[in-house]
Amino acid sequence: MQKILVAHDGSKSSDKALKKAVELAVNFHASLTVLSVVPELYLTEISESDKQKIFNSLSKETTDAMEKIRKSLSGKSIEVKTLVRQGDPAEKILETAQKMKADVLVMGSHGRHGTKKFLMGSVSSKVVDNSKCPVFVVK
Ligand SMILES: Nc1ncnc2c1ncn2[C@@H]1O[C@H](COP(=O)(O)OP(=O)(O)O)[C@@H](O)[C@H]1O
Ligand SMILES: [Mg+2]
């Protein structure tokens, strides 16, 4: 196992996934890529310029969060890369895993927006259904 991709959305569940991914990276001497996707906004009630503002602030927040993660892992003996993408989270996660030829994709069972009523969130369900590489879902 050489390349690990972990999907992070700022949720507690994705923090757990990150922790597990770091453990795997250390044990397998693998490189770690942390990916966060800024979702497109599907709000129809607001103006384009307001949408742009919200999107910019979300992008900044996400980039800052990734930077924080990168710094927090700088003491570990692993190669860490952070990525911020825009679009549909599940699609971007799947696309990134394929492009980088990830050996395993690590993600949380739940995220920021859903309810615990379901076994898995919408993004993790879609990724598990469509992924070509093994997916490690952290509970
Ligand atoms: N925008 C995103 N960028 C990166 N990873 C994400 C994103 N959204 C969700 N994930 C990953 O998917 C996991 C499950 O989240 P999700 O399926 O969105 O659950 P929920 O429906 O509860 O929000 C998260 O813990 C995270 O690992
Ligand atoms: Mg979500």
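The protein has four helices and five strands, where helices (H or I, at least four residues) and strands (E, at least two) are DSSP runs numbered from the N terminus, and along the sequence these follow the pattern β-α-β-α-β-α-β-α-β. The radius of gyration, taken over C-alpha atoms, is 15 Å, close to the 14 Å that the globule rule gives for 139 residues, so the protein is as compact as a globular protein of that length; the rule is 2.2 Å times the number of residues to the power 0.38. This is a predicted model, in which local features need pLDDT of at least 70 and side-chain atom pairs count only at pLDDT 80 or more, while totals for chains, interfaces and linings use all residues. Residues are numbered from 1 along each chain as its sequence is written, chains are lettered from A and ligands numbered from 1 in the order in which they are written, and side-chain values use heavy atoms, with hydrogens and water left out.

Ligand 1 is surrounded by 23 residues, the closest being Ala7, Val37, His110, Gly111 and Val123; a residue is near a molecule if one of its heavy atoms lies within 4 Å of it. A backbone N or O atom of His110 lies 2.7 Å from an oxygen atom of ligand 1, and a backbone N or O atom of His113 lies 3.1 Å from an oxygen atom of the ligand. Of the 550 Å² of accessible area that ligand 1 has on its own, the protein covers 94%, with areas taken from the Shrake-Rupley method with a 1.4 Å probe, and, for residues, only the protein chains shown counting as cover.

Definitions and conventions. Polar contact = N/O pair within 3.5 Å; in protein donor to acceptor, adjacent residues only side chain to side chain.
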